[in-house]
Amino acid sequence: MGKKKLYIKTYGCQMNVYDGARMADVLAPLGYAPTAAPEDADMIILNTCHIREKAAEKVFSELGRLRPLKARRQHEGARMIVAVAGCVAQAEGAEILARAPFVDIVLGPQTYHRLPETAAPQGVSAFLSVQEGCDKFCTFCVVPYTRGAEASRPVAAIIAEARRLVAQGAREITLLGQNVNAFRGAGPDGGVSGLGRLIRALAEIEGLLRLRYTTSHPLDVDDELVAAHREVATLMPFLHLPVQSGSDRVLQAMNRRHGADDYRRIVERLRRARPDIAFSSDFIVGFPGESDADFAETLALVREIGYAQAFSFKYSPRPGTPAATMAGQIPDAVKAERLAELQALLGEQQQAFNAASIGRTLPVLFEKRGRRPGQLVGRSPYLQAVHAAAPDRLLRSLVSVRLVAAMPNSLAGEVVTKDEAAA
Ligand code: SF4
């Protein structure tokens with residue numbers, strides 16, 4: 001699946017420079033080649049140094065910049081591993097994992113030789129690439145040019161890899177692709193399988209408790225996929241379904257090939273199939289030609305759908321894409337104003353969704369130890385981070401947890417014991 005790109009940012013002393021070079025060496029056999037651009041890296045390593053004053057703060061502010069990059073890459077259907085290595089990692093490891101939970105790996109100094117083993121096995125929640133490329137040519141997007149035409153892996157290869165991941169300890173698999181629900185993989189019977197069928201086949205794997213997929217295009221939500229949402233219990237009721245805008249005019253200029261009402265109908269079909277499904281989405285504000293009225297239609301759509309979570313960005317021209325040279329580019333101040341308004345609304349919806357979870361009992365897949373002793377952290381079906389007092393033996397298990405409080409970035413819960421559940 002091509003070379004993976006590695007971006008290493010080295011701070012400080014000569015030893016670190018040396019370590020940085022060795023990290024690149026040990027990762028080369030895994031297919032990683034250095035890149036100078038963090039935006040499209042598959043793995044980013046902050047190789048830190050504690051000598052300078054405020055070293056830790058610098059690392060945290062760098063991590064703050066990386067967080068949206070990682071989210072964006074994930075929503076382009078790619079995985080970005082973020083690692084913090086070196087002296088700050090050693091001194092502040094627990095703090096890093098608490099303040100920046102999206103960091104995948106924390107490594108002390110001169111432990112670069114451990115990178116391959118930590119970068120390869122993926123833990124409780126694993127990613128599996130099933131599809132690459134995109135044929136949609138949205139006018140703002142580089143993927144069709146950089147990743148090429150849609151190509152799907154054969155079903156048998158995917159199932160074999162999924163089994164391997166489960167054997168290594170994965171309990172949840174997220175199927176990745178730039179346009180994952182356009183998946184058309186060669187089936188073992190010589191036919192072609194869509195994503196719905198692939199999900200059914202994967203759901204048969206013993207020990208695999210949860211399935212997710214990202215990123216989808218609304219037009220590729222077919223009947224088979226809707227049926228999978230209705231019938232496959234391991235397929236999580238949480239779907240990232242980008243819409244980008246609520247205005248038909250803007251959607252057309254974006255070449256999204258569907259209108260706002262088509263999107264509403266697709267959401268409706270999925271809700272009928274799986275009443276507890278929740279949605280997340282991507283939005284671009286300030287696309288060339290977007291008027292106040294167009295933007296108001298985006299706000300109206302958001303109010304109507306009600307999102308559990310969403311990513312929103314100011315339109316930024318990507319060189320080589322048609323939208324970059326379109327007339328009617330929007331001034332940055334207008335984009336910033338619209339983005340703030342949209343994010344305020346999406347933030348309210350996310351808070352409301354989390355608040356509505358309080359009092360509910362949801363299955364949580366415990367992934368790792370929490371900040372406090374005796375605490376585990378896991379995810380609800382809706383990807384909400386949940387922490388609860390629980391023994392280590394519940395790691396990698398699905399456990400019923402009653403949600404009792406909502407914090408800004410996570411929920412607190414109490415494990416429901418079998419006796420209680422029966423009462
Ligand atoms: S569907 Fe559009 S936004 Fe998504 S990868 Fe393809 S061209 Fe890019």
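Select Ser-125 first: its bridge partner in strand 9 is Glu-172. The model is predicted, with local features requiring pLDDT of at least 70, side-chain atom pairs counting only at pLDDT 80 or more, and totals for chains, interfaces and linings using all residues. Residues are numbered from 1 along each chain as its sequence is written, and side-chain values use heavy atoms, leaving out hydrogens and water.

Next, display strand 6 together with strand 9 (residues 172-176), which pair in the parallel sense over five bridges. Strands are DSSP runs of E with at least two residues, helices runs of H or I with at least four, both numbered from the N terminus; two strands pair if DSSP finds at least two bridges between them. The open sheet here has three strands in the order 6-9-12, with parallel pairing. Its edge strands, each pairing on one side only, are strand 6 (125-129) and strand 12 (210-214).

Then select helix 7 (residues 195-203), which lies across strand 9 and strand 12 and runs at about 155° to strand 12. Contact means heavy atoms within 4.5 Å; axes are lines fitted to C-alpha atoms, for helices over the stretch in contact, and angles run from 0 to 180 degrees between N-to-C directions.

Move to His-240, in strand 13 (residues 238-240). His-240 counts as buried because its relative accessibility is 5%, where buried means under 20% relative accessible area, exposed over 50% and partly exposed in between (1.4 Å probe, protein chains only).

Finally, turn to the closed barrel of five strands, which runs 16-17-18-20-19 with mixed pairing. Within strand 17, Gly-378 stands opposite Phe-366.
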